[in-house]
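Here are my notes on this model. Please read them with the structure open.

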Amino acid sequence: MTKQKIPAAPLALGLAGLIPFVWGALSLFIPALQEFGSAAFGARFVGPYVQVFYGAIILAFMSGVLWGFATNSSGREAGIGYGLSVLPALWAFFATGGGHSSAAIGLIIGYIGLLGIETWFVQRKLAPGWWMRLRLILSAVVITCLATTSLA
């Protein structure tokens, strides 16, 4: 099996999508960044707040991506795919209450679970062959950033 190169557009957009996570982690530990971010963008766009809010949005977005993958299947496999595709959004909805630390832990669990669901789609060739390489890179950064918030 030959490894497919991650296309430039998904790679660039995926890496750009990490900015709120990395910014949140940096602004959590660098007071000058937190002060700047709060003054320039508002308190919701720094530290744990941006990570939890954006993290829930991205999990919901990934549900839509998985739904799209499910459209490539039929029959029982489609039913399973559609069912799996809604789980990340539901998880984000139910797992992000109770403060930033517990919400970050909930999101970490959600992103780890998402990798399992994505693997199901890739194994059935419903997602591109390069998909998991991209998702592993992005998920490693996201989980690391959320871990900093869960420990803060």
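**Notes on the model**

1. Over residues 79-97 the chain is 89% helix and 0% strand, with the end C-alpha atoms 30 Å apart. Helices (H or I, at least four residues) and strands (E, at least two) are DSSP runs, numbered from the N terminus. Residues 134-151 are 100% helix and 0% strand, and their end C-alpha atoms lie 26 Å apart.

2. This is a predicted model: local features need pLDDT of at least 70, side-chain atom pairs count only at pLDDT 80 or more, and totals for chains, interfaces and linings use all residues. Residues are numbered from 1 along each chain as its sequence is written, and side-chain values use heavy atoms, leaving out hydrogens and water.

3. An unreviewed UniProt entry annotates residues 51-70, 79-97, 103-122 and 134-151 as "transmembrane region". Such annotations may be inferred rather than shown by experiment.

4. Look next at α2 (residues 19-29) and α3 (residues 31-41). Their axes (lines fitted to C-alpha atoms, for helices over the stretch in contact) come within 5 Å and cross at roughly 120 degrees. Angles run from 0 to 180 degrees between N-to-C directions.

5. On the α2 side, the contact (heavy atoms within 4.5 Å) uses Trp23, Leu26, Ser27, Leu28 and Phe29. They meet Pro31, Leu33, Gln34, Phe36, Gly37 and Phe41 of α3. The tally is eight nonpolar, three polar and no charged residues; Gly counts as polar.

6. Lysine 5 sits in the segment before α1 (8-16). The C-alpha atoms of lysine 5 and arginine 133 are separated by 9.1 Å, at 128 residues apart along the chain.
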